[in-house]
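This report describes selected features of one protein structure. Please look over the sequence and the model before reading on.

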Amino acid sequence: MTNNPVVKFIEERKERIKANGDNEELKKTAKAFNTASNSNRYSYNFSWMGRPIIQYPQDMIAMQEIIWQLKPDLIIETGIAHGGSLIYYASLLELTGNGEVLGIDIDIRDHNRKEIESHPMFKRIKMIQGSSVDESIAEEVKNHAKGKSNVLVILDSNHTHEHVSKELSLYAPLVSIGSYIVVFDTIVEDLPENYFQEKRPWSLGNNPKTAVHDFLKINSDFIIDKEIDNKLLISVAPDGYLKRIK
C-alpha cells in the first residue's frame, strides 16, 4: 500500500466500487429504485443552466468524469429534446477550454432551437436536423469529425434495437481509442414486461441493451466499462458505457 494520499484515495475508491458490484443487497435496492423511478419519470425532474436535461444525476456525474478525463475535441450526441444535455456537455467543454458539441435530431422543435441558440453555451454547440441513421446525415457528421483527435459519442434518440444498432454501426468508428460511445436507456431491458403505460416502439427484447450486446458480439474494439456500472448502480445506461480499447 502506497503512502501517497492521492494514490491511496484512488486505490480505496476502486475497492469501494468493486465492493458495490459484489454487494447483492445494494444492487437489489438500486434495481428497485431504477424500476420505481422510471415509471414516475424521475429523469424529468432536473435541468442544467435553465434547460430540462432528462437524465439521472448519477449518469450526469459519470459523463462529467469522462469528459474531464478525456477533454474531447468533439462530442456527438444523437437526440436533442430540450437541449439540456447539449448545454451540459458544452459547459463542461467550456471549463476544459476546448471542444464543441454536435447534436443530431430528426425534429428540432422551434421553441427548443430558439432557447438553445440564445443560450450562453451555444458558442460550443452545432445542430443538425435529420435522422441519425440517414446515410447523408451520418456522412455530414463524419465530415464534421474529420481532423478531430478525441471524439466522444452519445446515443440517446430512438431506443429500438434496429435504430440503435444502425447508430452503433455508423458512429462507433468515429470514437477515438480510449474514448467512449455511451448508449442511454439500456435500462429498458431490465424493466418488467409491459412496464410502460405509454405506447413505445421499444420494449423488452427490443431496445438499446439488446443492440449493445449484439454489437459487442461482432466488435472487439469496444468493451463495457463495468467499473462505471458498479460505481453508479442507479443509471439508465447499464452496460451502456462502451469504451474503445483498440
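This is a predicted model: local features need pLDDT of at least 70, side-chain atom pairs count only at pLDDT 80 or more; totals for chains, interfaces and linings use all residues.

## Helix H7

Helix H7 spans residues 161-171, and its buried residues are His-163, Val-164, Glu-167, Leu-168, Leu-170 and Tyr-171. An α-helix has 3.6 residues a turn, so residues three or four places apart point the same way.

The packing partners of these buried residues include both helices and strands. The helices are H6 (135-145) and H8 (208-218). The strands are E3 (74-78), E6 (151-155), E7 (180-183) and E9 (241-244).

## Asn-150

The loop between H6 and E6 contains Asn-150. Is this residue, Asn-150, buried or exposed? Asn-150 has a relative accessible area of 16%, and it counts as buried because that value is under the 20% cut-off.

When neighbours within four places in sequence are set aside, Asn-150 is in contact with Leu-70, Lys-71, Pro-72, Asp-73 and Leu-74, and also with Ser-176 and Ser-179.

## The largest pocket

The volume of the largest pocket is about 1,300 Å³. Its lining comprises 47 residues, of which Tyr-44, Ile-54, His-159, Arg-200 and Trp-202 are the closest to the pocket centre. By class, 21 of the lining residues are polar, 17 nonpolar and nine charged.

Several elements each supply at least two lining residues: helices H2 (24-39), H4 (84-96) and H5 (110-117), together with strands E3 and E4 (100-105). H2 provides the largest share, three residues.

Definitions and conventions. Residues are numbered from 1 along each chain as its sequence is written. Side-chain values use heavy atoms; hydrogens and water are left out. Buried means under 20% relative accessible area, exposed over 50%, partly exposed in between (1.4 Å probe, protein chains only). Helices (H or I, at least four residues) and strands (E, at least two) are DSSP runs, numbered from the N terminus. Contact means heavy atoms within 4.5 Å. On a 1 Å grid over the protein atoms alone, a cavity is a set of points where a 1.4 Å probe fits but cannot get out, and a pocket is an open set with protein on both sides within 12 Å along at least five of seven lines; lining residues have an atom within 4 Å of a point. Grid points are joined across faces, edges and corners, and a volume is the space filled by probe spheres set on the points. Ala, Val, Leu, Ile, Met, Phe, Trp, Tyr, Cys and Pro count as nonpolar, Asp, Glu, Lys and Arg as charged, and the others, Gly among them, as polar.
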